[in-house]
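Here is a briefing on a predicted model.

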Amino acid sequence: KGEPPRRARRSSRLAASGGARAAASPPTSPRTAPKVGALRLRKCAPPSRRRPAPRASGDDTAPAAAVTEPPSPASDDDAPGSSPTFGSFSVPAVKRLQTRTLAVMFFTYLSIYFVRKPLSVVKAPMQDALGLSTGAIAGIDSAFLGLYAVGQLVLPSLGDRLGAKKMLVAGYVLSATAVALFALASDPALLLIAWGVNGVAQSLAYPLHVKVLSPWFAPTQRGTAMGVWATSQQVGGVLSTALAAFTLGVFGWRFAIGAPAALTLIAALLLTRITVDPPWCKLEAKVVDDVDDDGGNAVDGGNSVSSDSSARSVVVGDCDWRPPVGMREVLRIPKLAALMASYFFVKIVRYCLIFWLPFYLARECGMGVAAAGYMSCLFDLGGVLGGVATGVVGDKHFPGKRTVLGAYMCFALTIAVLLYQSASQMSLFVNGAVMALIGMLVAGPDALLGSSSIADTCEAAGYGAEVLGTASGLVNGAGSVGAVLQGALTAWIASTYGWGALFGTLAAMSALAVLTLLASVPETSKVSARTAAAA
């Protein structure tokens, strides 16, 4: 009784018959429902015997459900007024729920950029108003990114244990409060502390959004869905930069950086209303072939089931029923370390351009502060195209091997970054075109490394949603270490050797990312292979 032994839990991650991984995706058609799982279900759990499905670990909202038979989606012409169960969703209903969830999560992550990006726009006037050195500004950036990195390495695992919703809401409220205090401060030490607290609070946002969104989409939909969601970074960057540039010219730098915190509070309120688990997951039948260490009984979430020759399989019904996994075990997932190294290099390039492009345009290209802010929006607009295109192309042509596509894009990024300094001095059109191209080429690898590739790698090793928060935090944390280093690295290289040397360094980081991306290609998912064999 109680928790299944470790060996049984590990073997259940690799078990698959018919719909073993279907718990992470909605049913699509009665014709495609797995027959093997249905036969086993009837054999192991007759209709007269109803067992409550285990509650998802870290689940904030999902109700318990009873497992009887594998659910089949309702037809489009179901009788109106009927009371459908979780498993009786029609395909249009599933798509509506997926679209609504994606839209909400898109907006909530977009809002985090309104308490992150404005600092890059107001750096120059803030420096002049407060008499700050370039090193002091770099220190503020580094405080944010350093604590952001530490937070991503440690805090997302709490989302696997305490619930993603609770941690997200707490992080958003803390972030908005810290930014409001930053806007009121003048002392460099207070500015550094407030912006550092903002970094800790924001560290929860990306990994826990990935954890919440991944179960809503099948692996063949994941790249596109996560690619669309990841463009919230670029859309948020464009909107927050444009708003900061406008309010800077009208109200001054303090209002430009403090007022957008109100939008983050609205997003926190919206996060309190999200549904963490897809409702159809509660009745998705999944068959596992676990037996306890004594070899006598199979274990089903604490219920012992007699194990004879015809009924060693146990049916469980939950997307995320397995207990959270320790960080040491997550770190041993094959190829995860290579993903971490890849994101380290990609983040150096991306965050250097995010934080310093407006500064470069104002200081080196002779643009006004507001014009430089507006011009840098092209980098984010290119990123929107890059994120979506990478997701669609990855799903269609690189299933399970999306990092190969990322390697191609980083190779092209290496060349584009080397050409940018010369292009920025030619004309506004050439400057903007190359800037948008760089934004597209860096956003694609960033989007897949931070979301869909993590899920692919975990699934290839036989893990599921129970590790997504921790694994996503580790990969994003490694990327954030690179983002931390770029703050001091950018200031030192640009001031000592010039901007040409800086762009050469970014090109070298892109080339290193090519190598680590190729090394991170996961093996064929054991779960997917066994599912195909069972079908």
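A search of the whole structure finds six salt bridges (a side-chain nitrogen of Lys or Arg within 4 Å of a carboxyl oxygen of Asp or Glu). Side chains of opposite charge can pair when their charged atoms come close. The model is predicted: local features need pLDDT of at least 70, side-chain atom pairs count only at pLDDT 80 or more, and totals for chains, interfaces and linings use all residues. Residues are numbered from 1 along each chain as its sequence is written, and side-chain values use heavy atoms, with hydrogens and water left out.

**Salt bridges**

- Asp141 and Lys123 pair through their side chains, with an N to O distance of 2.6 Å. Asp141 sits in helix H5 (residues 134-154) and Lys123 in helix H4 (residues 118-130), 18 residues apart. Helices here are DSSP runs of H or I with at least four residues, strands are E runs of at least two, and both are numbered from the N terminus.
- Both Asp141 and Lys123 are buried. Buried means under 20% relative accessible area, exposed means over 50%, and partly exposed lies in between (1.4 Å probe, protein chains only).
- Asp446 pairs with Lys347, and their closest N and O atoms are 3.7 Å apart. Asp446 belongs to helix H19 (residues 428-450) and Lys347 to helix H15 (residues 336-364), so this bridge ties together parts 99 residues apart in sequence.
- Asp446 and Lys347 are both buried.
- Asp395 bridges to Arg402, with 2.6 Å between the closest N and O atoms. Asp395 is buried at 15% relative accessible area, and Arg402 is buried at 5%.

**Overall fold**

- The protein has 23 helices and six strands.
- Of its 535 residues, 60% count as buried.
- Among contacts (heavy atoms within 4.5 Å) with a separation of 6 or more, 83% join residues 24 or more positions apart.
- Accessible areas come from the Shrake-Rupley method with a 1.4 Å probe; for residues, only the protein chains shown count as cover.

**Helix packing**

- The axes of helix H10 (residues 219-230) and helix H17 (residues 377-397) come within 7 Å and cross at roughly 175 degrees. That makes H10 roughly antiparallel to H17.
- Residues making this contact include Pro219, Gly223 and Gly227 of H10, and Gly387, Gly391 and Asp395 of H17.
- Axes are lines fitted to C-alpha atoms, for helices over the stretch in contact, and angles run from 0 to 180 degrees between N-to-C directions. Angles under 35 degrees count as roughly parallel, over 145 as roughly antiparallel, 65 to 115 as roughly perpendicular and the rest as oblique.
- Helix H18 (residues 402-424) and helix H22 (residues 499-519) have axes that come within 8 Å and cross at roughly 170 degrees. H18 and H22 are therefore roughly antiparallel to each other.
- The contact involves, among them, Gly406, Cys410 and Phe411 of H18, and Trp499, Phe503 and Ala507 of H22.

**Loop residues**

- Tyr113 lies in the loop between helix H3 (91-112) and H4. Tyr113 is buried, at 2% relative accessibility.
- Beyond its neighbours within four places in sequence, Tyr113 touches Pro118, Gln233, Gly236, Gly237, Ser240 and Arg350. The C-alpha atoms of Tyr113 and Ser232 are 9.0 Å apart, across 119 residues of chain.
- Thr275 occupies the loop between helix H13 (261-271) and strand E3 (286-288). Thr275 is partly exposed, at 38%.
- Thr275 and Thr101 are 174 residues apart along the chain, with their C-alpha atoms separated by 8.1 Å.
- Lys335 is in the loop between helix H14 (327-331) and H15. Its phi is near 75 degrees, a positive value in a residue other than glycine. Most residues other than glycine have a negative phi.
- Lys335 is partly exposed, with a relative accessible area of 32%.

**Nonpolar surface patch**

- Leu243, Phe246, Val250, Phe251, Phe255 and Tyr374 make a nonpolar surface patch of about 600 Å².
- Patches are made of residues with over 30% relative accessible area and no salt bridge: like charges are joined within 9 Å, nonpolar side chains (Val, Leu, Ile, Met, Phe, Trp, Tyr) within 5 Å.
- Helix H11 (residues 232-251) gives the largest share of the patch, four residues.
- Phe246 lies in H11 and is partly exposed, at 48% relative accessible area.
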